[in-house]
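Please look through the sequence and the 3D structure below before reading on. The paragraphs after it go through the structure one part at a time.

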Amino acid sequence: MCKVLTERERVGSSNKSLKTGLKIHPNIFDPDQDYGYPSRVSFSRYRHHYFYKEFSDNDNPLRRYLQKQVGRPWDAVYSEICAVADRRSLSGYHLLQHVGFEVELNCWVCDGEVYDHPSLPHKPRGLYVHPDTGLLCSPK
């Protein structure tokens with residue numbers, strides 16, 4: 001799951017290099033060779049985030065897995081995820097961060113309704129852990 005989440009081509013990976021203005025292909029571009037181009041490129045077109053490279057995490061397999069686990073105890077689901085994801089590795093830590101983004105853990109019950117934030121009470125929009133039962137739930 002960790003590799004599926006992170007090992008994907010970055011958005012904008014075919015954009016030109018900010019330093020030389022060349023597209024970097026390992027088989028074509030040799031950094032030790034002098035191509036006669038300027039050593040740096042003007043940043044005027046890069047100021048507006050037009051050619052920046054971005055990360056692209058593939059969250060859909062994680063979301064599908066969590067949706068299939070609705071109705072199970074959260075402790076069991078989280079222990080299964082932790083058995084796969086090593087918190088000491090970067091990819092495992094990143095996976096656990098995305099689990100934290102997808103599941104609301106700090107919910108509370110008021111008048112039989114579940115709310116997810118004490119200062120701005122509203123019903124959870126995504127997956128949440130029911131505070132009384134400890135089950136992973138989906139909004140109705």
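The largest pocket is lined by Gly112, Glu113, Val114, Lys123, Pro124, Tyr128, His130, Cys137, Ser138, Pro139 and Lys140. This is a predicted model, and the pocket in it has a volume of about 240 Å³. Sorted by class, the lining has 5 nonpolar, 3 polar and 3 charged residues. Space of this kind is found by calculation: rolling a probe the size of a water molecule over the atoms shows where empty space is left.

His130 sits in the loop between strand 4 and strand 5. Is His130 buried or exposed? His130 counts as buried because its relative accessibility is 18%, and the cut-off for buried is under 20%. Apart from its neighbours within four places in sequence, His130 is in contact with Val109, Val114, Leu135 and Cys137. His130 and Glu104 are 26 residues apart in sequence, and their C-alpha atoms are 9.3 Å apart in space.

Now consider the whole chain. The protein has 4 helices and 5 strands, and along the sequence they follow the pattern α-α-α-α-β-β-β-β-β. Of its 140 residues, 26% count as buried. Among contacts between residues at least 6 apart in sequence, 49% join residues at least 24 apart.

The largest nonpolar core has 13 residues, and those with the most contacts inside it are Leu66, Trp74, Ile81, Val103 and Leu136. Helix 2 (60-68), helix 3 (74-84), helix 4 (90-102) and strand 4 (127-129) are the elements that give two or more residues to this core. Trp74 shows how such contacts cross the sequence. Not counting residues up to four places away, Trp74 touches Leu66, Val99, Val103, Leu105, Val129, Gly134, Leu135 and Leu136.

Which residues of helix 3 are buried? Trp74, Val77 and Ile81 are. They cover an arc of only 70° around the axis, so they lie on the same side of helix 3. What covers the buried residues of helix 3 includes helix 2, helix 4, strand 1 (103-104), strand 4 and strand 5 (136-137).

Key: Residues numbered from 1 in each chain as written. Predicted model: local features only at pLDDT ≥ 70, side-chain atom pairs only at ≥ 80, totals over all residues. Heavy atoms only, no water. Core = buried A, V, L, I, M, F, W, Y, C linked by side-chain atoms within 4.5 Å. Buried < 20%, exposed > 50% of the residue type's maximum accessible area, 1.4 Å probe, protein only. Contact = heavy atoms within 4.5 Å. Arc of directions from axis to C-beta. 1 Å grid on protein atoms, 1.4 Å probe; cavity = no way out; pocket = protein on both sides within 12 Å on 5 of 7 lines; lining within 4 Å. Points joined across faces, edges and corners; volume = space filled by probe spheres on them. Nonpolar A, V, L, I, M, F, W, Y, C, P; charged D, E, K, R; others polar.
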